[in-house]
Amino acid sequence: MTEYTEAQQRDLLKIVIVGHVDHGKSTLVGRLFHDTGSLPDGKLEAIQAMCDQRGLPFEYAFLMDAMQAERDQGITIDTSQIWFNTEQRDYVIIDAPGHTEFLKNMITGAASSEAAVLVIDAGEGVQEQSRKHGYLLHLLGVKQIAIAVNKMDMIDYDQAKFDAIETEYRAYLTSIGVTPTYLIPVSAREGDNIASRSTNMDWYQGPTLVEALDSFEDTSLPVDAPLRFPIQDVYKFDERRILAGRIESGTLKVGDELLFSPSNKKARIKSIEAWSVPEQPTSASAGASIGITLDHQLFIERGELASHVATPPLETDVFTARLFWLAKDPLTVGKRYTMKLHTGECQVEVQEIRTVINTDTLSEGAGSELQRNSIGEVVLRARKMLALDGYDDVAATGRFVLIDSYNIAAGGVINMTGYADQRDLITLKSENITRVSHDVTEEARAARNGHIGGVLWFTGLSGSGKSTLAVLVEKRLFQKGYQSYVLDGDNVRHGLNANLGFSPEDRAENIRRIGEVAGLFSRAGMVAITSFISPYRSDRDRARTAVGSNFHEIYIKADVAACEGRDPKGLYKKARSGEIAEFTGVSAPYEAPENPQLVVDTVNQDIETCVDQIVDYIEEHLSLSRSKSLDFSI
């Protein structure tokens, strides 16, 4: 079997260098190149001559800071990439700016790296930017971090001062879930602990910086992860349609059955097409840029994500994201942005800002917007189904950027906690089925009953009063001669949905089934009153689709504090104590309706008033005698 990869003869590791402005990053990188013998011939002499010409002392930083503007201003203003090598492997060093104004470039560099060196000035100690950079590395998933405490020569190689910095910064990183691989005392200017062990710090027994880098693992090619092959483009040659892209993770081979998401189309790989190779391969792995042909023609577009059938990505139109906001204008609820996710893009709307995170104190609080250079957890909703992964599962398909007016506004990572994989909810698995038509029309049923069929979909938090109101409304309607019936959450879970739990996927399937059953009640001419939390907007939209035009979304409105104060079943108490996981309103999300047909406020109205309000609505919209919109000719 011929396999196509893009592996180098030697291992290659991408490392980002970050740190507060003037903490010595460029000097450290220049010293790395010099001490490992990686400088091009004549480079050192050229920098020395330049310094002599300008009357400046020699600076190793000038080896890295190649731009005139950087030498004049004394700060690094863009990411620079230079290759260097040790005996063990090759490296690409990405020198990222530390100044607050250039955080966007720092993030760009870190997002493409497998490891990081974070530089801290031994004299100045841990700064705000030091904490922020550590948090950003964590946010971007960089797990291999070496902390270089630089300029030890400026504090006379004082072990006590180094120990204090190490204790403070380790505690900070631990609090955000990061374990630094190494903390190394160095002097970039003097070469202490860069490539050779320092004689000035006999008290330090750890590795040099080069030894630390050589110990890092290359994580750039996740060959053993699930297959993720985003389609970049489709080319037509002769009769062939070649689907081209880069394999982000996993391995594929000729004959594999692929699932394309979110379209849910399937086909087998007929051939693998590669460029500038002596023979066409029969398999390919992560990192390879290839094309494939299929055993039968499918209409596949850019942005589709190919996977193996057994390990597909998630499909959803809503998810939680951890964002670092970069745009000048703040992020606000209701604003729409273009999201670029692997090779696809779509419009997303900010549905909710859950928390705003203070990167200095790590405190999380409520907020109505995200300002520039701040971090927050938000809920984003797309206008179509997306194929994606949680960032912790597959990094390449779990991160994205937001675009506002053609500029990068944010970088983010995806977290699906609390939201369901909607693939099974939208995939039709039954074949060779035909709907049975009825000789009794819905109009005839309405004429017999004196009202049309419909679904009153009560949604609201646990304890908002849904079940109480549903039973009282059913009784009132019965007294008025309506054919009505209550479908209550607890009752349905004793029978039809007894096999479902309370995971996001089971909650979604619970509502999908109820939507279909309620639709049958409605078409039978009855008024179905459903009493379910139904926390996800997309699930309620599917129920509306299943029912049709006679779906009436009724929001039983009560906030968490009011519901928890009532707590008729003691569920909030159990949720707060950890006895119930994924409890809506406490540890799982509730998406309030955007445009419900009726809002019933159970906090500021008594029960009888609420019942009257609902019954009046029903008589206006469902009763043949009162509705102005019904004109049946039976």
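Biologist: Leaving aside neighbours within four places in sequence, which residues is Thr530 in contact with?

Modeller: This is a predicted model. In it, Thr530 is in contact with Val455, Leu456, Trp457, Phe458, Leu487, Ile514 and Ala518, once neighbours within four places in sequence are set aside.

Biologist: Where is Thr530, and is it buried or exposed?

Modeller: Thr530 lies in strand 28. Buried means under 20% relative accessible area. Thr530 has 0% relative accessibility, so it counts as buried.

Biologist: What covers the buried residues of helix 16?

Modeller: The cover includes strand 28 (527-531), together with strand 26 (454-459), helix 10 (466-479), strand 29 (551-557) and strand 30 (598-601). The buried residues of helix 16 are Cys610, Val611, Ile614, Val615, Tyr617, Ile618, Glu619 and Leu622.

Biologist: Why do residues three or four places apart in an α-helix point the same way?

Modeller: An α-helix has 3.6 residues a turn, so residues at that spacing point the same way. In helix 16, the buried residues include Val611, Ile614, Ile618 and Leu622.

Biologist: How is the span of helix 16 checked against what it should be?

Modeller: Helix 16 has 16 residues, 607-622, and at 1.5 Å a residue they should span 22 Å. The end C-alpha atoms are 22 Å apart, so the two values agree.

Biologist: What is found at the start of helix 16?

Modeller: There, Asp606 has a side-chain oxygen within 3.3 Å of the backbone nitrogen of Glu608.

Biologist: Now a pair of helices. How do helix 5 and helix 6 pack?

Modeller: Helix 5 (residues 128-139) and helix 6 (residues 159-175) pack at an angle of about 40°, and their axes are 10 Å apart. Their crossing is right-handed. From helix 5, Ser130, Arg131, Lys132, Gly134 and Tyr135 meet Glu168, Tyr169, Tyr172 and Leu173 of helix 6. By class, this contact has four nonpolar, two polar and three charged residues.

Biologist: How many residues of helix 5 are buried?

Modeller: Nine of its twelve residues are buried, and helix 5 is mostly covered. Among them are Ser130, Lys132, Gly134 and Tyr135, which also meet helix 6. Helix 5 reaches 16 Å from its first C-alpha to its last, close to the 16 Å expected. After helix 5 comes Gly141, with a positive phi near 85°.

Biologist: How many helices and strands does the protein have?

Modeller: The protein has 16 helices and 30 strands. Of its 634 residues, 51% count as buried. Among contacts between residues at least 6 apart in sequence, 72% join residues at least 24 apart.

Methods. Residues numbered from 1 in each chain as written. Predicted model: local features only at pLDDT ≥ 70, side-chain atom pairs only at ≥ 80, totals over all residues. Heavy atoms only, no water. Helix = DSSP H or I, 4+ residues; strand = E, 2+ residues; numbered from the N terminus. Expected span 1.5 Å × (residues − 1). Buried < 20%, exposed > 50% of the residue type's maximum accessible area, 1.4 Å probe, protein only. Contact = heavy atoms within 4.5 Å. Polar contact = N/O pair within 3.5 Å; in protein donor to acceptor, adjacent residues only side chain to side chain. Axes fitted to C-alpha atoms, helices over the stretch in contact; angles between N-to-C directions. Left-handed = near helix turned anticlockwise from the far one by under 90°. Nonpolar A, V, L, I, M, F, W, Y, C, P; charged D, E, K, R; others polar.
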